[in-house]
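Please look over the sequence and the structure shown below before reading on.

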Amino acid sequence: MGAERESVMNGTTLATAATALDLRNDAHVHTGFAAGRDSVGVVVSAADLAGLASVTFADQVSPETTWLPAYADTIRRARRRTELSLRIGAEVEVVQPDGWLAWPADLGHLEMVSVAVSRLPLAGGPVAPGDVRSMLSAGRLTPDQVAEAAVNATIKGIERASRYAPVQLARPLSLLAQVGIDDAILTREVLEALAAACRFTGTAVEISEAWRSPSPRLVATLREADVVLVAASDARYAGEVGRWQYLRRV
């Protein structure tokens, strides 16, 4: 990775978060099968140019997804044309407070599941960030209620997903920033509970370049708890694969 960079704060030498990550591996990229814009082959070529050693594909899926067999076959064919390690994964959203996920019909093709909380899982279904902001403004929800619901659904989601496949946690708690809530609202105990759930389930936490998530505060808590952290561009375009700015600054 190159020379270890260090920063000094209050007389204590602290290794930057980047030193804990292997930036030759991009743990979350998208393709034209779903949220991305480029083909698997173009993404692999871009990863090679960026000097990466491995790429994990994590296109967004849902119960309506029908293209998983073709997606997996395309990645398997790409493996034969590159020295990079290519992993077949998918991003699945938590849609209920009990951690229920929007699973596709067939998980058999997946080698990894990236769990995301992109909308707030409430009893009536997931609520989009814009609607959560409206509910906050109207007093129908409080910031504490939103934060508690987001954290609890995240914990239950990774616990549920870990029964079926190796798990990564995508852009943890980025929903709070989207609705205007600083994660400083979360107590140390709450953050430690999330870290403990990640450690117990073997969940690797993605540090997302695209989403600038998780915050430095959460990264520090996760590192202290010995949670595995992985670099994730969350790239929609091939040119974004393996390109790191936030990860070097976090």
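Are H4 and H6 roughly parallel or roughly antiparallel to each other? They are roughly parallel, the class for angles under 35 degrees, whereas roughly antiparallel is for those over 145. The model is predicted: local features need pLDDT of at least 70 and side-chain atom pairs count only at pLDDT 80 or more, while totals for chains, interfaces and linings use all residues. Residues are numbered from 1 along each chain as its sequence is written, and side-chain values use heavy atoms, with hydrogens and water left out.

**Helix packing**

- Two packed helices are described by the distance between their axes and the angle at which these lie.
- The axes of helix H4 (residues 143–161) and helix H6 (residues 188–201) come within 9 Å and cross at roughly 10°.
- Helices (H or I, at least four residues) and strands (E, at least two) are DSSP runs, numbered from the N terminus.
- On the H4 side, the contact (heavy atoms within 4.5 Å) is made by Val151, Thr154, Ile155, Ile158 and Glu159.
- On the H6 side, Val190, Ala193, Leu194, Ala197, Cys198 and Thr201 take part.
- The residues of this contact divide into eight nonpolar, two polar and one charged.

**Nonpolar core**

- The largest nonpolar core has 73 residues, of which Phe57 and Val146 touch the most other members.
- H4 supplies the largest share of this core, nine residues.
- Such a core is a set of buried Ala, Val, Leu, Ile, Met, Phe, Trp, Tyr and Cys residues joined through side-chain atoms within 4.5 Å.

- Thr65 lies in the loop between strand E4 (54–60) and helix H2 (68–79).
- Thr65 is buried, with a relative accessible area of 15%; buried means under 20%, exposed over 50% and partly exposed in between (1.4 Å probe, protein chains only).
- A polar atom of the Thr65 side chain lies 2.9 Å from the backbone nitrogen of Ser62.

**Backbone features in loops**

- Most residues other than glycine have a negative phi, and most peptide bonds are trans.
- Arg171, in the loop between strand E9 (167–169) and helix H5 (174–178), has a positive phi near 35° and is buried at 4% relative accessible area.
- Arg212 also has a positive phi, near 50°, but is partly exposed at 39%.
- Arg212 is in the loop between E10 and H7.
- Pro214 is placed in the loop between strand E10 (204–208) and helix H7 (216–224), and the peptide bond from Ser213 to Pro214 is cis, with omega near 0°.

Key
Polar contact = N/O pair within 3.5 Å; in protein donor to acceptor, adjacent residues only side chain to side chain. Axes fitted to C-alpha atoms, helices over the stretch in contact; angles between N-to-C directions. Parallel < 35°, antiparallel > 145°, perpendicular 65-115°, else oblique. Nonpolar A, V, L, I, M, F, W, Y, C, P; charged D, E, K, R; others polar.
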